[in-house]
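Biologist: Can you walk me through this one? I want the chains, the contacts and a few local details.

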Amino acid sequence: MKYIILTYASQQDYDGLAGKASGKSAWSAQDFAALRAFMDKFNKDLEESGELVETRGLAAPVHTRRVGGGLHKGVPVVTDGPYAETQEVLAGYWVVECESFDRATEIAAGLGKAPGPEHVAARAFADVRPIAEFQADTEL
Amino acid sequence: MPDIELEDLLRGLAPQVLGAVVRHYGHFDTAEDAVQEALLAAATQWPKDGIPDNPRGWLITVASRRLTDLLRSEQARQRREDTVARWTLPGQLLAPAADRTPAESDDTLILLFMCCHPSLSPASQIALTLRAVGGLTTAEIARAFLVPEATMTRRISRAKQRIKDSGIPFRIPPGPERAERLGAVLHVLYLIFNEGYASTSGPTLQRTELSAEAVRLARMVHRLLPDDGEVAGLLALMLLTDARRPARTGPDGDLIPMAEQDRNLWNAAYIAEGVALITDALPRGATGPYQLQAAIAAVHGEAPTAEATDWPQIMALYGLLMRISDNPMVALNQAVAVAMVRGARAGLDLLAELEADERIAEDHRLHAVRAHLLEMTGDRVAAHDCYEAAARRTTSLPQQRYLHARAARLTE
């Protein structure tokens, strides 16, 4: 069974990670290095257990283009950076293939050990959702 | 024999074995699968039973047998599907005539030409080259490119199908086509190198292995074509670039620009080898883009300090490169060289011309260079804004951190 683990962050969180001081304190070089080391190991462990299908981190919300939400002169409207500064949006995902929902939850819980400034850790969460599967043999 | 040595041996033999099997029996697509299975068999059996006296022969025999099995079952399936079975099985073939067995070095080259065929997309060319010539497994390639194994499997089998459908003959392309196709091969090796070198995302280890693999393949092509200046140039460029890798990032993974790198960390052996290669290749006529880029990298590599860099020579080399390549990145680097020789203002004037080029106008590198040059002129406010503008335009976190740090320095 496949599950997707989703993590979230706001533009403000991204700015902090990118070393840009905007209200909240920017991540230090050590904090950033510690997070990278943690993520490298987290991914490597999943790869070695054979459970990792794919993982990606998304670029900052400001780079988003929203397509749709109405037509302008007959073509869908394209909006650059539709999110508010503090709005939490999808930041990254892991697709894992594992034996149970509980195991996927356990994997996601491991992300809670990621190092980082306290104000980030206090709010961080991940969602785990099963991926719908369509099996050819379900026809009776 | 240690695992690493066995792996090196097998991967070195992989293109020779595949070349021999395809030359004798055809069926590139199925032969490729058969050779992978033979390599796998060797990797499990040889550590137990010892390396056979003739490892290459062993692999060819096992791969040929496997190819026969695969073709038989394909043929049987085809027959079941009521199609005319028109293949000749390897066992039914006569021994190939003497004139059909040129040097095995040609086989490896032909394989490279096939894998980098212009009808394939760059992503497919890269994947197929790494598997058929590099001897990497699909799983390894998938990991290096951060895609699911199933995706890479499909990419490779589609590429093989395409080669099969196009009926490309297993031979060195004739005349002028050969030079063009060699250019495609070099470009693919260059892309593989860059994929490993330039990327700062994802599990870092496997990415660097891609650069190492590109260097290994370039060495192989250089061995096969020692007189080709562009092949030597590409290998030199890779070595001279890779030499700086240890100094490119700080202990916390932060990016360090060349001017601030600790040159003691540069790989002196790679620099010496790269300089020797390019020094030998340059006087031998027709100077292509890889040789010029390698020559530029060699000038940097030979400078004991950033201040001692021979910028006039670098500027002249970029001038030559501009004449044969219409690449805005070359023009951007030329502007840096001009700034170092004639002053930041002269560099900024060149940048102003580049801003009209929409291929690069929105590129973060253009803004980063402008920020550096403005900083050199002492315009701290404008430099700060340009660093921030550059940071907004890149999606790479380490680059953003570097650019924000440069900007922050200017407001202190």
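Modeller: Here is a short tour, starting with the ground rules. This is a predicted model, where local features need pLDDT of at least 70, side-chain atom pairs count only at pLDDT 80 or more, and totals for chains, interfaces and linings use all residues. Residues are numbered from 1 along each chain as its sequence is written, with chains lettered from A and ligands numbered from 1 in the order in which they are written.

Biologist: How many helices and strands are in chain B?

Modeller: Chain B has 19 helices and zero strands. Both are DSSP runs numbered from the N terminus: helices are H or I with at least four residues, strands are E with at least two.

Biologist: And what does its C-alpha trace span?

Modeller: About 80 × 45 × 45 Å along the principal axes of chain B. Of its 412 residues, 40% are buried. Buried means 20 or more other C-beta atoms within 10 Å of the residue's own, exposed means 12 or fewer, and partly exposed is in between, with C-beta atoms placed from the backbone.

Biologist: How many residues of chain B are in contact with chain A?

Modeller: 15 residues of chain B, against 17 residues of chain A. Contact means that the C-beta atoms, placed from the backbone, lie within 7 Å. Helix α19 (residues 397-411) of chain B gives the most to its side, with five residues. That side has six nonpolar, five polar and four charged residues. Here Ala, Val, Leu, Ile, Met, Phe, Trp, Tyr, Cys and Pro count as nonpolar, Asp, Glu, Lys and Arg as charged, and the others, Gly among them, as polar.

Biologist: How is chain B divided into domains?

Modeller: Domain 1 is 1-89, domain 2 is 104-166 + 177-225, and domain 3 is 335-412. The bounds come from an automatic or database domain assignment.

Biologist: Tell me about α1(B), then. Where is the kink?

Modeller: At B:A14, shortly before the proline B:P15, and the kink is about 35 degrees. The bend is the angle between axes fitted to the seven residues ending at a residue and the seven starting there. α1(B) has 23 residues and reaches 31 Å from first C-alpha to last, close to the 33 Å expected at 1.5 Å a residue. That expectation is 1.5 Å times one less than the number of residues. Its buried residues include B:L13, B:A14 and B:P15. Just after α1(B), B:G26 takes a positive phi of about 75 degrees.

Biologist: Now chain A. What does β3(A) pair with?

Modeller: β3(A) pairs with strand β4 (residues 75-80) of chain A, antiparallel, over five bridges. Pairing needs at least two DSSP bridges between the strands. A:V67 has A:V78 in β4(A) as its bridge partner. The two strands form a hairpin with two residues between them, and A:K73 in the turn has a positive phi of about 50 degrees.

Biologist: How many residues of strand β3 are buried?

Modeller: Zero of the eight residues in strand β3 (residues 65-72) of chain A, so to speak hardly covered.

Technical notes: Contact = placed C-beta atoms within 7 Å.
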